[in-house]
Amino acid sequence: MSEQGVAEYRIEDLSHHSGATVRTIRAYQDRGLLPRPERRGRSNVYRDTHLARLRQIAGLLDRGYTLASIKELLEAWDAGRGLGGVLGLVAEVQGPWTDEVATRISRAELDERFGGKPDDTAVEEAVDLGVLERVPGREDEFLVPSPQELAVAAELHAAGVPLPAISGHLRELRGQVEHIASRFLEFTTEHVFARYLGHRPPTDADATEAAALVRRLRPLAQQTVDAELARAMQLFATRHLQSHLGTVGQPPADEGPAPVALPADTVRAVQELVGPDQVAAFVRAATERELQARTMNALAERAAGPPVA
(Lines give C-alpha, C1' and ligand atoms only; values in the text may rest on other atoms or scores of the structure.)
Protein backbone atom coordinates (compact mmCIF):
# COMPACT_ATOMS: atom_id res chain seq x y z
CA MET A 1 0.00 0.00 0.00
CA SER A 2 1.37 3.45 -0.94
CA GLU A 3 1.54 6.38 1.38
CA GLN A 4 -1.52 7.95 -0.27
CA GLY A 5 -3.58 4.83 0.50
CA VAL A 6 -3.66 3.63 -3.13
CA ALA A 7 -3.05 -0.08 -3.53
CA GLU A 8 0.17 -0.96 -5.31
CA TYR A 9 1.31 -4.39 -6.41
CA ARG A 10 4.42 -6.06 -7.63
CA ILE A 11 3.77 -8.36 -10.56
CA GLU A 12 3.84 -11.39 -8.27
CA ASP A 13 1.22 -9.80 -5.99
CA LEU A 14 -0.92 -8.87 -8.99
CA SER A 15 -0.70 -12.45 -10.18
CA HIS A 16 -1.80 -13.73 -6.77
CA HIS A 17 -4.81 -11.40 -6.52
CA SER A 18 -5.99 -11.79 -10.13
CA GLY A 19 -5.36 -15.50 -10.68
CA ALA A 20 -3.41 -14.77 -13.87
CA THR A 21 0.14 -16.04 -14.11
CA VAL A 22 3.07 -13.65 -14.32
CA ARG A 23 3.70 -14.87 -17.85
CA THR A 24 0.08 -14.14 -18.82
CA ILE A 25 0.23 -10.63 -17.34
CA ARG A 26 3.32 -9.85 -19.40
CA ALA A 27 1.72 -11.30 -22.52
CA TYR A 28 -1.34 -9.07 -22.01
CA GLN A 29 0.97 -6.06 -21.72
CA ASP A 30 2.74 -6.99 -24.95
CA ARG A 31 -0.60 -7.28 -26.78
CA GLY A 32 -1.86 -3.96 -25.50
CA LEU A 33 -4.59 -5.50 -23.35
CA LEU A 34 -3.07 -4.29 -20.09
CA PRO A 35 -1.54 -0.84 -19.50
CA ARG A 36 2.14 -0.75 -18.77
CA PRO A 37 3.05 -0.48 -15.08
CA GLU A 38 4.63 2.57 -13.55
CA ARG A 39 8.39 2.35 -13.42
CA ARG A 40 9.71 3.26 -9.98
CA GLY A 41 13.45 2.88 -9.69
CA ARG A 42 14.23 -0.68 -10.66
CA SER A 43 10.70 -1.93 -9.91
CA ASN A 44 7.41 -2.06 -11.80
CA VAL A 45 4.38 -0.90 -9.85
CA TYR A 46 0.82 -2.03 -10.67
CA ARG A 47 -2.37 -0.52 -9.29
CA ASP A 48 -6.02 -1.46 -8.74
CA THR A 49 -6.78 -0.40 -12.32
CA HIS A 50 -4.52 -3.23 -13.54
CA LEU A 51 -6.26 -5.71 -11.25
CA ALA A 52 -9.69 -4.57 -12.46
CA ARG A 53 -8.58 -4.87 -16.08
CA LEU A 54 -7.30 -8.44 -15.51
CA ARG A 55 -10.65 -9.40 -14.00
CA GLN A 56 -12.46 -7.85 -16.97
CA ILE A 57 -10.34 -9.87 -19.36
CA ALA A 58 -10.97 -13.07 -17.41
CA GLY A 59 -14.73 -12.44 -17.45
CA LEU A 60 -14.78 -11.85 -21.20
CA LEU A 61 -12.69 -14.96 -21.82
CA ASP A 62 -15.22 -16.96 -19.79
CA ARG A 63 -17.95 -15.60 -22.07
CA GLY A 64 -16.17 -16.97 -25.13
CA TYR A 65 -14.48 -13.83 -26.46
CA THR A 66 -11.13 -14.08 -28.20
CA LEU A 67 -8.25 -11.88 -27.12
CA ALA A 68 -8.54 -9.89 -30.34
CA SER A 69 -12.22 -9.16 -29.65
CA ILE A 70 -11.43 -8.31 -26.03
CA LYS A 71 -8.86 -5.77 -27.18
CA GLU A 72 -11.49 -4.04 -29.33
CA LEU A 73 -13.96 -3.98 -26.45
CA LEU A 74 -11.42 -2.59 -24.00
CA GLU A 75 -10.31 0.06 -26.46
CA ALA A 76 -13.96 1.11 -26.76
CA TRP A 77 -14.18 1.22 -22.97
CA ASP A 78 -11.05 3.36 -22.75
CA ALA A 79 -12.48 5.68 -25.40
CA GLY A 80 -15.50 6.30 -23.17
CA ARG A 81 -18.02 4.27 -25.17
CA GLY A 82 -18.81 1.95 -22.27
CA LEU A 83 -19.17 -1.81 -21.95
CA GLY A 84 -22.40 -2.07 -19.97
CA GLY A 85 -24.63 -2.53 -23.01
CA VAL A 86 -22.22 -4.90 -24.71
CA LEU A 87 -21.90 -7.10 -21.64
CA GLY A 88 -25.68 -7.01 -21.22
CA LEU A 89 -26.09 -8.20 -24.81
CA VAL A 90 -23.58 -10.99 -24.24
CA ALA A 91 -25.37 -12.05 -21.06
CA GLU A 92 -28.73 -12.03 -22.86
CA VAL A 93 -27.48 -14.18 -25.74
CA GLN A 94 -25.49 -16.58 -23.58
CA GLY A 95 -28.18 -16.95 -20.93
CA PRO A 96 -30.55 -19.93 -20.81
CA TRP A 97 -32.90 -20.26 -23.78
CA THR A 98 -35.27 -22.57 -21.93
CA ASP A 99 -37.24 -22.54 -18.69
CA GLU A 100 -36.15 -26.08 -17.88
CA VAL A 101 -34.22 -26.57 -14.66
CA ALA A 102 -31.44 -29.14 -14.64
CA THR A 103 -31.84 -32.02 -12.19
CA ARG A 104 -29.70 -34.86 -10.92
CA ILE A 105 -30.29 -38.58 -11.24
CA SER A 106 -28.51 -41.52 -9.66
CA ARG A 107 -27.25 -44.43 -11.71
CA ALA A 108 -29.74 -46.71 -9.97
CA GLU A 109 -32.65 -44.39 -10.85
CA LEU A 110 -31.38 -44.14 -14.42
CA ASP A 111 -31.22 -47.91 -14.83
CA GLU A 112 -34.71 -48.28 -13.37
CA ARG A 113 -36.19 -45.73 -15.79
CA PHE A 114 -34.73 -47.63 -18.74
CA GLY A 115 -35.89 -51.14 -17.99
CA GLY A 116 -33.84 -51.96 -14.90
CA LYS A 117 -30.93 -53.45 -16.84
CA PRO A 118 -27.60 -51.56 -16.63
CA ASP A 119 -26.24 -50.51 -20.01
CA ASP A 120 -22.83 -48.82 -19.78
CA THR A 121 -22.64 -48.29 -23.55
CA ALA A 122 -25.94 -46.41 -23.57
CA VAL A 123 -24.82 -44.27 -20.63
CA GLU A 124 -21.58 -43.34 -22.38
CA GLU A 125 -23.56 -42.45 -25.51
CA ALA A 126 -25.88 -40.24 -23.45
CA VAL A 127 -22.89 -38.50 -21.87
CA ASP A 128 -21.34 -37.97 -25.30
CA LEU A 129 -24.59 -36.41 -26.53
CA GLY A 130 -24.86 -34.17 -23.46
CA VAL A 131 -28.12 -35.76 -22.35
CA LEU A 132 -26.25 -36.69 -19.16
CA GLU A 133 -23.29 -34.92 -17.57
CA ARG A 134 -20.97 -36.50 -15.07
CA VAL A 135 -20.81 -34.99 -11.59
CA PRO A 136 -17.17 -34.61 -10.46
CA GLY A 137 -16.41 -36.94 -7.59
CA ARG A 138 -19.73 -38.80 -7.91
CA GLU A 139 -19.45 -41.91 -10.05
CA ASP A 140 -23.07 -42.92 -9.38
CA GLU A 141 -24.73 -39.58 -10.11
CA PHE A 142 -25.39 -37.53 -13.26
CA LEU A 143 -26.61 -34.05 -14.06
CA VAL A 144 -29.59 -33.95 -16.45
CA PRO A 145 -29.53 -30.61 -18.35
CA SER A 146 -32.91 -31.31 -19.96
CA PRO A 147 -35.21 -33.54 -17.88
CA GLN A 148 -37.78 -33.31 -20.67
CA GLU A 149 -35.37 -34.79 -23.21
CA LEU A 150 -34.52 -37.66 -20.88
CA ALA A 151 -38.24 -38.28 -20.25
CA VAL A 152 -38.88 -38.52 -24.00
CA ALA A 153 -36.08 -41.08 -24.35
CA ALA A 154 -37.52 -43.11 -21.47
CA GLU A 155 -41.00 -43.10 -23.06
CA LEU A 156 -39.64 -44.18 -26.43
CA HIS A 157 -37.67 -46.99 -24.82
CA ALA A 158 -40.72 -48.11 -22.85
CA ALA A 159 -42.64 -48.21 -26.16
CA GLY A 160 -40.07 -50.62 -27.57
CA VAL A 161 -37.50 -48.40 -29.29
CA PRO A 162 -33.93 -49.69 -28.70
CA LEU A 163 -31.53 -47.28 -27.00
CA PRO A 164 -29.06 -47.21 -29.93
CA ALA A 165 -31.93 -46.21 -32.24
CA ILE A 166 -32.92 -43.40 -29.84
CA SER A 167 -29.33 -42.09 -29.75
CA GLY A 168 -29.01 -42.25 -33.52
CA HIS A 169 -32.31 -40.44 -33.98
CA LEU A 170 -31.22 -37.71 -31.54
CA ARG A 171 -27.96 -37.18 -33.42
CA GLU A 172 -29.84 -36.84 -36.69
CA LEU A 173 -32.48 -34.57 -35.16
CA ARG A 174 -29.83 -32.39 -33.51
CA GLY A 175 -28.13 -31.74 -36.83
CA GLN A 176 -31.42 -30.71 -38.41
CA VAL A 177 -32.38 -28.46 -35.49
CA GLU A 178 -28.96 -26.80 -35.48
CA HIS A 179 -29.47 -26.03 -39.16
CA ILE A 180 -32.84 -24.44 -38.34
CA ALA A 181 -31.26 -22.38 -35.54
CA SER A 182 -28.46 -21.24 -37.82
CA ARG A 183 -30.89 -20.14 -40.52
CA PHE A 184 -33.08 -18.30 -38.00
CA LEU A 185 -30.03 -16.41 -36.71
CA GLU A 186 -28.94 -15.52 -40.23
CA PHE A 187 -32.46 -14.32 -41.01
CA THR A 188 -32.80 -12.15 -37.88
CA THR A 189 -29.26 -10.82 -38.21
CA GLU A 190 -29.89 -9.73 -41.79
CA HIS A 191 -33.25 -8.10 -41.17
CA VAL A 192 -33.09 -7.03 -37.50
CA PHE A 193 -29.66 -6.97 -35.90
CA ALA A 194 -27.46 -5.81 -38.78
CA ARG A 195 -28.11 -2.16 -37.94
CA TYR A 196 -26.85 -2.71 -34.38
CA LEU A 197 -23.75 -4.66 -35.33
CA GLY A 198 -22.27 -2.22 -37.82
CA HIS A 199 -19.80 -0.93 -35.25
CA ARG A 200 -17.13 -3.15 -33.73
CA PRO A 201 -17.87 -3.20 -30.92
CA PRO A 202 -21.41 -1.76 -31.08
CA THR A 203 -22.11 1.41 -29.16
CA ASP A 204 -23.42 1.02 -25.65
CA ALA A 205 -26.88 2.26 -26.66
CA ASP A 206 -27.07 -0.03 -29.70
CA ALA A 207 -25.99 -3.04 -27.64
CA THR A 208 -28.62 -2.27 -24.98
CA GLU A 209 -31.36 -2.01 -27.61
CA ALA A 210 -30.17 -5.21 -29.30
CA ALA A 211 -30.30 -7.03 -25.94
CA ALA A 212 -33.92 -5.94 -25.50
CA LEU A 213 -34.71 -7.26 -28.98
CA VAL A 214 -33.10 -10.59 -28.14
CA ARG A 215 -35.46 -10.90 -25.18
CA ARG A 216 -38.44 -10.18 -27.45
CA LEU A 217 -37.41 -12.44 -30.31
CA ARG A 218 -36.01 -15.31 -28.23
CA PRO A 219 -39.29 -17.29 -28.04
CA LEU A 220 -40.17 -16.78 -31.70
CA ALA A 221 -37.86 -19.48 -33.03
CA GLN A 222 -39.33 -22.14 -30.75
CA GLN A 223 -42.90 -20.98 -31.36
CA THR A 224 -42.37 -21.15 -35.12
CA VAL A 225 -40.79 -24.60 -34.94
CA ASP A 226 -43.58 -25.85 -32.64
CA ALA A 227 -46.28 -24.64 -35.05
CA GLU A 228 -44.55 -26.05 -38.13
CA LEU A 229 -43.81 -29.36 -36.41
CA ALA A 230 -47.48 -29.71 -35.44
CA ARG A 231 -48.52 -28.97 -39.02
CA ALA A 232 -46.00 -31.42 -40.49
CA MET A 233 -46.87 -34.15 -37.98
CA GLN A 234 -50.56 -33.89 -38.82
CA LEU A 235 -49.80 -33.95 -42.55
CA PHE A 236 -47.43 -36.91 -42.52
CA ALA A 237 -49.27 -38.85 -39.81
CA THR A 238 -52.43 -38.59 -41.94
CA ARG A 239 -50.53 -39.84 -44.99
CA HIS A 240 -49.13 -42.78 -43.01
CA LEU A 241 -52.60 -43.57 -41.73
CA GLN A 242 -54.06 -43.42 -45.21
CA SER A 243 -51.33 -45.74 -46.44
CA HIS A 244 -52.11 -48.31 -43.76
CA LEU A 245 -55.88 -47.97 -44.08
CA GLY A 246 -55.61 -48.72 -47.78
CA THR A 247 -55.06 -52.39 -46.88
CA VAL A 248 -58.22 -52.75 -44.72
CA GLY A 249 -60.44 -55.59 -46.00
CA GLN A 250 -58.07 -56.43 -48.83
CA PRO A 251 -56.93 -60.06 -49.18
CA PRO A 252 -53.18 -60.64 -49.14
CA ALA A 253 -51.63 -60.83 -52.59
CA ASP A 254 -48.33 -62.17 -53.82
CA GLU A 255 -47.20 -58.77 -55.00
CA GLY A 256 -48.12 -57.17 -51.67
CA PRO A 257 -50.95 -54.80 -50.80
CA ALA A 258 -51.23 -51.54 -52.69
CA PRO A 259 -51.94 -48.48 -50.51
CA VAL A 260 -55.04 -46.44 -51.30
CA ALA A 261 -54.96 -42.71 -50.54
CA LEU A 262 -58.14 -41.15 -49.19
CA PRO A 263 -59.01 -37.64 -50.40
CA ALA A 264 -57.90 -34.97 -47.97
CA ASP A 265 -61.42 -33.51 -47.82
CA THR A 266 -62.76 -36.92 -46.81
CA VAL A 267 -60.20 -37.25 -44.03
CA ARG A 268 -60.96 -33.76 -42.75
CA ALA A 269 -64.71 -34.46 -42.80
CA VAL A 270 -64.20 -37.65 -40.79
CA GLN A 271 -61.99 -35.79 -38.31
CA GLU A 272 -64.68 -33.18 -37.78
CA LEU A 273 -67.29 -35.91 -37.35
CA VAL A 274 -65.55 -38.28 -34.93
CA GLY A 275 -62.31 -36.54 -33.95
CA PRO A 276 -58.71 -37.16 -35.14
CA ASP A 277 -58.20 -40.12 -32.80
CA GLN A 278 -61.17 -42.06 -34.20
CA VAL A 279 -60.50 -41.66 -37.94
CA ALA A 280 -58.97 -45.13 -38.34
CA ALA A 281 -61.80 -46.86 -36.45
CA PHE A 282 -64.45 -44.95 -38.40
CA VAL A 283 -62.96 -45.78 -41.80
CA ARG A 284 -62.50 -49.41 -40.79
CA ALA A 285 -66.12 -49.67 -39.61
CA ALA A 286 -67.40 -47.90 -42.73
CA THR A 287 -65.40 -50.22 -44.96
CA GLU A 288 -66.64 -53.32 -43.18
CA ARG A 289 -70.23 -52.05 -43.36
CA GLU A 290 -69.92 -51.44 -47.10
CA LEU A 291 -68.48 -54.91 -47.66
CA GLN A 292 -71.28 -56.51 -45.63
CA ALA A 293 -73.91 -54.55 -47.55
CA ARG A 294 -72.50 -55.63 -50.90
CA THR A 295 -72.31 -59.23 -49.70
CA MET A 296 -75.98 -59.13 -48.59
CA ASN A 297 -77.03 -57.63 -51.95
CA ALA A 298 -75.13 -60.29 -53.88
CA LEU A 299 -76.70 -63.09 -51.83
CA ALA A 300 -80.21 -61.63 -52.31
CA GLU A 301 -79.77 -61.32 -56.06
CA ARG A 302 -78.48 -64.88 -56.27
CA ALA A 303 -81.48 -66.20 -54.29
CA ALA A 304 -83.96 -64.35 -56.50
CA GLY A 305 -82.62 -66.01 -59.64
CA PRO A 306 -82.15 -64.48 -63.08
CA PRO A 307 -84.57 -61.72 -64.11
CA VAL A 308 -87.62 -62.77 -66.15
CA ALA A 309 -87.54 -61.55 -69.74
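V45 lies in strand β3 (residues 43–47) of this predicted model. Helices (H or I, at least four residues) and strands (E, at least two) are DSSP runs, numbered from the N terminus. V45 counts as buried because its relative accessibility is 9%; buried means under 20% relative accessible area, exposed over 50%, and partly exposed in between (1.4 Å probe, protein chains only). Leaving aside neighbours within four places in sequence, V45 is in contact with E8, Y9, P37, E38 and R40, where contact means heavy atoms within 4.5 Å. The C-alpha atoms of V45 and L14 are separated by 9.6 Å, although these residues stand 31 residues apart along the chain.

A second residue can be described in the same terms. S15 belongs to helix α1 (residues 11–18) and counts as buried, with a relative accessibility of 15%. Beyond its neighbours within four places in sequence, S15 is in contact with A20, T21, V22 and I25.

| Residue | Element | Relative accessibility |
|---|---|---|
| V45 | strand β3 (residues 43–47) | 9% |
| S15 | helix α1 (residues 11–18) | 15% |

Residues are numbered from 1 along each chain as its sequence is written. Local features need pLDDT of at least 70, side-chain atom pairs count only at pLDDT 80 or more, totals for chains, interfaces and linings use all residues, and side-chain values use heavy atoms, with hydrogens and water left out.

Helix α7 (residues 120–129) has V123, A126 and L129 as buried residues. Seen down the axis of α7, these buried residues fall within an arc of 125°, so they line one face of the helix; the arc is that of the directions from the helix axis to the C-beta atoms. An α-helix has 3.6 residues a turn, so residues three or four places apart point the same way. The face of α7 turned away from the buried side carries the exposed residues D120, T121 and D128. The buried residues of α7 pack against α6 (107–113), β6 (138–144) and α9.

Helix α9 (residues 163–193) also meets helix α10 (residues 204–245): their axes come within 11 Å and cross at roughly 140°. That makes α9 oblique to α10, since angles under 35 degrees count as roughly parallel, over 145 as roughly antiparallel, 65 to 115 as roughly perpendicular and the rest as oblique. Axes are lines fitted to C-alpha atoms, for helices over the stretch in contact, and angles run from 0 to 180 degrees between N-to-C directions. In this pair, I180, F184, V192 and F193 of α9 meet A210, L213, V214, L217, L220, A221 and V225 of α10.
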